[in-house]
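Me: Got a model open here and want a quick walk through its contacts. Can you take my questions as they come?

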Amino acid sequence: MKYLENYLNYLEYQKNYSQDTINSYRIDIVEFFEYLNQESIKVEDVDYDVVRLWLMFLNDKKNKSSTVSRKISSMRGFYRYLINNKVIENNPFSLVTLPKKERKLPRFFYYNELEELFQVPKLNTSLGQRDRLILEMLYATGVRVSELVNIKLDDISGEEIRILGKGNKERIVQFGDYAESILELYLNEGYKKLNLKKSEYLFLNNRGEQLTTRGVRYILDNIINKTSIDKKISPHMIRHSFATHLLNEGCDLLTVQELLGHESLTATSIYTHITNDRLKEVYFKCHPRAKK
């Protein structure tokens, strides 16, 4: 449908959505179109009854409630765009309520597990210095992997990094002595050997090109396979560890929200469930009259 590409361009150039978000919208909308084709229904003829049948169809396919919520949001936004462009008059998704979210606690590493991860990369090699810096920076700053791979040398000033986050929103993140010492080592040695193409990016692959998000995940998989840790690893787990450890050490929620680049405090508040569990554990372990 011609309106789809126009809508996706609108999301990219006017709303400044990331490519990952735009691709998710595209997939959801195309899947909805395929459902309409199966039922011989035109996009302009969709009403609440059609939407209700579509939701039943998704339920029959055992979609998770989080997936259904995303699809509803994708379609609601698309039909809102059609209304604004005078293609239709009513949004059939406006009356639909989102399913109740399954609240999953984020997985994180304990500090001793992170220490084991940090010891894996060999600091006498260029790639080892880079890999150690990836770990240090992810944990020191809490940045997303998409933000990490887009760090340029010019973004770093002292112990601060200017990060371009979701929706092209800028924020400043901090890093401390451990990350700084590895950064200096990498820039003085490994980076010079890897930067064959005079790149402006901090993290490079063995061909001197900008490291990709997939590349970072591959590196982390290789690192954890060399440890005794029985967990799957992802860049987001280190981000979760960053937030959890800050809160455990007494950092306030608003500061963590700012450091993570969350628009809403709701997104950050999920970490309080972890820290509350930790408080309960410490209380029953330490209070003299908590147990008989």
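This is a predicted model: local features need pLDDT of at least 70, side-chain atom pairs count only at pLDDT 80 or more; totals for chains, interfaces and linings use all residues.

Me: Good. Which salt bridge partner does R132 have, and how far apart are the closest N and O atoms?
Reply: E136 is the partner of R132, with the closest N and O atoms 2.9 Å apart. R132 and E136 are four residues apart in helix α6 (residues 126-141), so about one helical turn separates them.

Me: Are R132 and E136 buried or exposed?
Reply: Both R132 and E136 are buried.

Me: How many salt bridges does the count come to?
Reply: The count comes to 16 salt bridges. Among them is R70 with D28, where the closest N and O atoms are 2.8 Å apart. R70 sits in helix α4 (residues 65-84) and D28 in helix α2, so this pair ties together parts 42 residues apart in sequence.

Me: And the accessibility of R70? What about D28?
Reply: R70 counts as partly exposed because its relative accessibility is 36%. D28 is at 1%, so D28 counts as buried.

Me: What does E147 meet in a salt bridge?
Reply: The side chain of E147 meets that of R171, at 2.8 Å from N to O. E147 belongs to helix α7 (residues 145-148) and R171 to strand β3 (residues 170-174), so the pair ties together parts 24 residues apart in sequence. Both E147 and R171 are buried.

Me: Which residues do salt bridges with shared partners join into one network?
Reply: D28, E31, R70 and K71.

Me: Switching to the sheet. What is the strand order?
Reply: The order is β1-β2-β3, in an open sheet of three strands with antiparallel pairing. β1 (156-157) and β3 are the edge strands, each pairing on one side only.

Me: How many bridges join β2 to β3?
Reply: Five bridges join strand β2 (residues 160-164) to β3, and the two run antiparallel. The bridge partner of I163 in β3 is R171. R162 stands opposite I172 in β3.

Me: Where do the side chains of β2 point?
Reply: They alternate along β2. I161 and I163 point to one face and are buried.

Me: What is between the strands in the hairpins?
Reply: β1 and β2 have two residues between them, and G158 in that turn has a positive phi of about 65 degrees. The hairpin of β2 and β3 has five residues between the strands, with G167 at a positive phi near 65 degrees.

Me: Which residues other than glycine have a positive phi?
Reply: N16 is one of them, with phi near 60 degrees. K198 is another, with phi near 55 degrees. For background, most residues other than glycine have a negative phi.

Me: Where is N16 found? And where is K198?
Reply: N16 is in the loop between α1 (2-13) and α2. The relative accessible area of N16 is 32%, so N16 is partly exposed. K198 is in the loop between α8 and α9. K198 counts as exposed because its relative accessibility is 71%.

Me: What about L204, buried or exposed?
Reply: L204 counts as buried because its relative accessibility is 0%. Its place is in the loop between α8 (177-194) and α9 (213-224).

Me: How far is L204 from V149?
Reply: 8.5 Å in space, C-alpha to C-alpha, and 55 residues in sequence.

Me: Last topic, helix packing. At what angle do α2 and α3 cross?
Reply: The axes of α2 (residues 19-38) and α3 (residues 48-60) cross at roughly 105 degrees and come within 12 Å. That makes α2 roughly perpendicular to α3; angles of 65 to 115 degrees count as such.

Me: Which residues meet there?
Reply: From α2, F32, Y35 and L36. From α3, V50, L53, W54 and F57. By class, this contact of α2 with α3 has seven nonpolar, no polar and no charged residues.

Note on methods:
Residues are numbered from 1 along each chain as its sequence is written. Side-chain values use heavy atoms; hydrogens and water are left out. Axes are lines fitted to C-alpha atoms, for helices over the stretch in contact, and angles run from 0 to 180 degrees between N-to-C directions. Angles under 35 degrees count as roughly parallel, over 145 as roughly antiparallel, 65 to 115 as roughly perpendicular and the rest as oblique. Contact means heavy atoms within 4.5 Å. Ala, Val, Leu, Ile, Met, Phe, Trp, Tyr, Cys and Pro count as nonpolar, Asp, Glu, Lys and Arg as charged, and the others, Gly among them, as polar. A salt bridge is a side-chain nitrogen of Lys or Arg within 4 Å of a carboxyl oxygen of Asp or Glu. Buried means under 20% relative accessible area, exposed over 50%, partly exposed in between (1.4 Å probe, protein chains only). Two strands pair if DSSP finds at least two bridges between them.
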